[in-house]
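Open the structure in your viewer and keep the selection tool ready.

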Amino acid sequence: MTDPEDVYRRTTPGSRALHERAVRAMPGGTTRTTTYFDPYPLYIDRGEGCRTWDVDGAERIDMLGNYTALILGHAHPKVVEAVQRQVARGTAFAAANPVEVELAELLCERVPSLDLVRFCNSGTEATMFAMRLARAFTGRPKIARIEGGYHGTHDHAEVSTHPDPASAGPADRPVARPDSIGTPAWALEQTVVLPFNDPGAAELILREEAGRVAAVILEPIIGAGGVIAATPEFLSRLRQLTRELGMLLIFDEVISLRVAPGGAQELYGVTPDLTTMGKIIGGGLPVAAFGGRAEVMELLDPRREPSLAQGGTYNGNPLGMAAGLAAMKELTPDVYADLDRKGARVKDQLSEVFASHGVAAQVNGVGSLFAIHFTDRPVVDYRSKATSDAWMTRDFFLGLVNHGVLVAPRAMGALSTPMGEHEIQRFIDAVDEVVAEQLPRWRAAD
């Protein structure tokens, strides 16, 4: 039986050496928790198209694209050209710049909910300001969120993203649980947790909290939590209910914006009051944004009194704006349609691979996003996702790394435009090879 960790250790000496060096300067040897995995993270030297090369020179197909951000792949010529042109003109000014106006106009044209938009540098900042705006607009203190959803790492977001189901209350009435040490008690007190895809239970909770909830924030397609799509009924009920109860509806489309030109809200035909964005809108650079209804966003207008201040040394910096504008211009409706076709093929073929080996696995997919869950239960919310076998997931992830494919350690991935039939087939073949290789270990553990 093949232990994928043994193979990984033998074939990545350069990453191991760099990690031993890095832990002397950074906690855990990385500055980003999501890039760490046992026994040590992979250190990548360069990327081109849909491929990366690690510091040992090993080539891999990148089925993750920096956690879904690189929809055009690495070093897209148009993005490289735009960045090179802008870097020669200056990277940041203590002033507004023309490029941020262009990208803002493009986003407002494409995303149904955007009357006005503001830029920041990460999805964490975007959701933090969206929640703050909601509290300022409504005068209410609480934020309702979905159990298992992910909205970054600020205090209001660090609640019930990955709770232990045993201590998180009933499935239809989850209780707020801290995501990490340091999450303040007030964050739990000011958070209302809703079950996903259970409109009746969500409505009951929101009606009980009606006068205290400023907004409901959710990913219409839960991304980091397993590519779990909301049902149309769930979103439409939330839209109707939030209007009735005077709450704002916030869609976190940091990940799901890649499923259509106007994001998941375009697919569902449900328009929120505010939307947060990131990942693909930066073209590979750190860019995020939040926007929505004019009457809400105008609270940020410094010409009015009172107004909500939003600082940020690199907000709307011309380098990020240039990269984002170049990337977004490449994303035509035909490009989205092609990614959808490829995504459907990947989902179907992965399901066939697992079935052929008799392995219980759910393949969730929407557009160019996919996630694999090692469970015999359909994954429709956090509680069903939590039944996935973590040990099999880790074996699967490391096995793919050893077979020349990079996905997230949680077995999530995303397609990019440079991927052709050859790369997709190579990915499917690698999954087949890894499952066949690990099956004896998995069966021995049963």
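Rings of Phe, Tyr and Trp (its six-membered ring) pair if their centres lie within 6.5 Å; planes under 30 degrees apart count as stacked, over 60 as edge-to-face and the rest as tilted. The structure holds ten such aromatic pairs.

The model is predicted: local features need pLDDT of at least 70, side-chain atom pairs count only at pLDDT 80 or more, and totals for chains, interfaces and linings use all residues. Residues are numbered from 1 along each chain as its sequence is written, and side-chain values use heavy atoms, with hydrogens and water left out.

Select Tyr 8 and Phe 37. Their ring centres are 5.6 Å apart with planes at 55 degrees, so this pair is tilted. Tyr 8 is buried at 0% relative accessibility (buried means under 20% relative accessible area, exposed over 50%, partly exposed in between; 1.4 Å probe, protein chains only). Phe 37 is buried too, at 10%.

With Phe 37 it makes an edge-to-face pair, 4.8 Å centre to centre and 85 degrees between the planes. Phe 397 is buried at 2%.

Next, charges over rings (NZ of Lys or CZ of Arg within 6 Å of the ring centre and within 35 degrees of the ring normal). Arg 46 lies over the face of Trp 53, 4.0 Å from the ring centre. Arg 132 has its charged end over the ring of Phe 129, 5.1 Å from the centre.
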